[in-house]
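Subject: The structure, and what turned up in it

Hi,

Here is the structure for you to open. Have a look at it first, then read my notes below.

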Amino acid sequence: MSTCLICAHTAVQPRTACARCEHRVRGWLGELPRQVVLLTASLELGTRPAQGFGGAGRAHSPLPVRGDVLNLLGPAAPGVVRDTAGDQGGPQPVHAVLHAWADQLAEDLGHMLPPINPSAPYADYLARHLGHAVRSSWIALMHAELADLVRRIRAVTSTEPRRRPLDAPCPSCSAFALGHVDWQTYAACEACGLLLTPAEYETHRAAVMPPLARLGVLLAAQHLTQEAS
Ligand SMILES: [Zn+2]
Ligand SMILES: [Zn+2]
């Protein structure tokens, strides 16, 4: 056993991050390309100069795009922008953060970084090789940068994934704490961190829910009988 560098809970060696933290990072990597679409759409919102009669009559047109959004969408600097030592100040654009970590990952894996997919700049690549990242010494730094990035983007787009509670109890800890968050691959237990694929959850649900429902009916019937007597 080892310790998760992100949350200090137990991780199974040789992992440096626990399954729950990996799940969170994977969720962000799935969310980021979708958020970039929303960011692009909000680039011009609310920034148009007053037009027509009764306009504010400004002497200068305001910046036609939102500066905060532009900062997030800005292109990465040319060449390698390695900031995995965390020594570069200032908020980084989405692309720069993802590029830097993809670059670090490719170096660790000893291969060339594939060409950029502009619609999902390196998020796909990072998700594909996340199994390596959660065994690296730098996972906590990547987690912190992605957390910051996601927080900055959600503040602009006012959009965050919703959690839908699931009705079956957790097969591992029996708590009614399973839920599915938008854009994530797994259902997760908030109590013990167990992850289930949709197929695993459905199989589990089909096995436990009918007996639970029968038990509920029996309890309700017993309650009614007691009230009547
Ligand atoms: Zn963890
Ligand atoms: Zn659980």
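At roughly what angle do the axes of helix 1 and helix 6 cross? The axes of helix 1 (residues 19-41) and helix 6 (residues 139-157) cross at roughly 35° and come within 10 Å. Axes here are lines fitted to C-alpha atoms, for helices over the stretch in contact, with angles from 0 to 180 degrees between N-to-C directions. Helices (H or I, at least four residues) and strands (E, at least two) are DSSP runs numbered from the N terminus.

On helix 1 the contact is made by Cys21, Val25, Trp28, Glu31, Gln35, Leu38 and Leu39, and on helix 6 by His143, Leu146, Val150, Ile153, Val156 and Thr157. Being in contact means that two C-beta atoms, placed from the backbone, lie within 7 Å.

Before you go further, a word on what you're looking at. This is a predicted model, where local features need pLDDT of at least 70, side-chain atom pairs count only at pLDDT 80 or more, and totals for chains, interfaces and linings use all residues. Residues are numbered from 1 along each chain as its sequence is written, while chains are lettered from A and ligands numbered from 1 in the order in which they are written.

pLDDT is the predictor's confidence in each residue, from 0 to 100. The protein chain has a mean of 84, with 83% of its residues at 70 or more. pLDDT stays under 50 over residues 47-55, and also over residues 77-81. Where pLDDT is low, the predicted coordinates should not be read in detail.

Now the inside. A nonpolar core is a set of buried Ala, Val, Leu, Ile, Met, Phe, Trp, Tyr and Cys residues joined through C-beta atoms within 7 Å. A residue is buried if 20 or more other C-beta atoms lie within 10 Å of its own, exposed if 12 or fewer, and partly exposed in between. The largest core has 36 residues, and Ala17, Leu98, Trp101 and Leu126 have the most contacts inside it. Its largest share, eight residues, comes from helix 3. Apart from it lies another core of seven residues, including Cys170 and Leu178.

Phe176 counts as partly exposed because 14 other C-beta atoms lie within 10 Å. Phe176 and Leu166 are 10 residues apart in sequence and 8.0 Å apart in space, C-alpha to C-alpha.

Cheers
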